[in-house]
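Trainee: I would like to go through the aromatic rings and the charges around them. Could we begin with what the terms mean?

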Amino acid sequence: MSQKITEGVPLPTFAGNVAQSKGMLAAGTKYDYRTKVVGPHGDNVEVTGATVTRMSGGNDQKAAFVGARGITHGIATYSFKLVSSKENGLGTFVGVADASADFLDSKRWGKAWAMGCHGQNLFSWEDGFEKAAFIRAALPGSTESLEAGSVIVVRVDMEARQLSFSVNGGDFVVAQGVVLPQAVRPFCKLAGAAGDSVELAYDAEVDSSVEDNIADRKSTRLNSSHA
């Protein structure tokens with residue numbers, strides 16, 4: 001079954017069903033004519049297109065955002081690229097949130113599940129704006145913390161209700177014990193250092209730099225194994 005992507009923020013409707021012009025698309029997010037990538041977010045992150053950056057000060061717990069699009073069925077993937085990470089992924093978590101929550105509520109969000117980029121373990125939130133809980137043995141973890149340039153691909157299988165992660169082009173690993181809700185959105189928390197930033201891309205829109213980075217890391221691993 002093919003995936004279904006729903007827009008968190010609908011595109012504007014023009015009289016006579018006129019298509020968006022190149023001029024409208026060139027105007028970008030100033031006039032909100034392009035499809036959104038990043039959706040609602042806490043007040044201490046800055047959003048620039050598809051990139052979200054942790055601002056200085058503020059509440060660490062509110063340094064979170066979700067994608068503008070939700071997944072309701074089929075299998076879908078999206079990626080987070082660590083654009084900047086001062087402490088090798090410490091405080092950065094990427095995964096999914098329950099899309100049934102009211103993300104426009106600035107006080108409380110719903111459930112979320114995400115991989116911590118520092119040790120590649122799984123964490124959960126009853127409220128995405130609160131503290132995380134460590135889920136023991138849900139993911140194998142790693143002694144390799146993720147540095148800037150790393151790419152984590154998140155895969156959701158809405159038929160099996162499974163959540164999986166692939167790090168820098170590696171195999172997907174299923175998060176054990178997680179049963180996804182009926183609809184999810186991309187979720188990220190940037191509770192680390194000021195200036196830490198990530199870039200979100202949906203599967204059909206992955207930037208070429210992300211693909212090149214994955215290919216380079218695969219080549220490096222292969223060369224190391226044959227050394």
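Mentor: A charge counts as sitting over a ring if NZ of Lys or CZ of Arg is within 6 Å of the ring centre and within 35 degrees of the ring normal. Please keep in mind that this is a predicted model.

Trainee: Which ring has the charged end of Lys 62 over it?

Mentor: That is the ring of Phe 129, with the charged end of Lys 62 at 5.0 Å from its centre.

Trainee: And what does Arg 155 lie over?

Mentor: Arg 155 lies over the face of Phe 172, 4.2 Å from the ring centre.

Trainee: Changing topic, how many aromatic pairs are there?

Mentor: The count is 8 aromatic pairs. One of them joins Phe 93 and Phe 123, edge-to-face, with 5.2 Å centre to centre and 75 degrees between the planes.

Trainee: Where in the chain do Phe 93 and Phe 123 lie?

Mentor: Phe 93 is in strand β8 (residues 92-98) and Phe 123 in strand β10 (residues 122-125). They are 30 residues apart, so the pair links distant parts of the chain.

Trainee: Is Phe 123 buried or exposed?

Mentor: Phe 123 counts as buried because its relative accessibility is 19%, and buried means under 20%. Phe 93 is also buried, at 14%.

Trainee: Why is the pair of Phe 103 and Trp 109 edge-to-face?

Mentor: Their planes are at 90 degrees, with ring centres 5.2 Å apart, and planes over 60 degrees apart count as edge-to-face. Phe 103 is buried at 6% relative accessible area, and Trp 109 is buried at 3%.

Trainee: Which residues form one aromatic cluster?

Mentor: The cluster consists of Phe 93, Phe 123, Trp 125, Phe 134 and Phe 187.

Terms used: Residues numbered from 1 in each chain as written. Predicted model: local features only at pLDDT ≥ 70, side-chain atom pairs only at ≥ 80, totals over all residues. Heavy atoms only, no water. Phe/Tyr/Trp six-rings, centres within 6.5 Å; stacked < 30°, edge-to-face > 60°. Helix = DSSP H or I, 4+ residues; strand = E, 2+ residues; numbered from the N terminus. Buried < 20%, exposed > 50% of the residue type's maximum accessible area, 1.4 Å probe, protein only.
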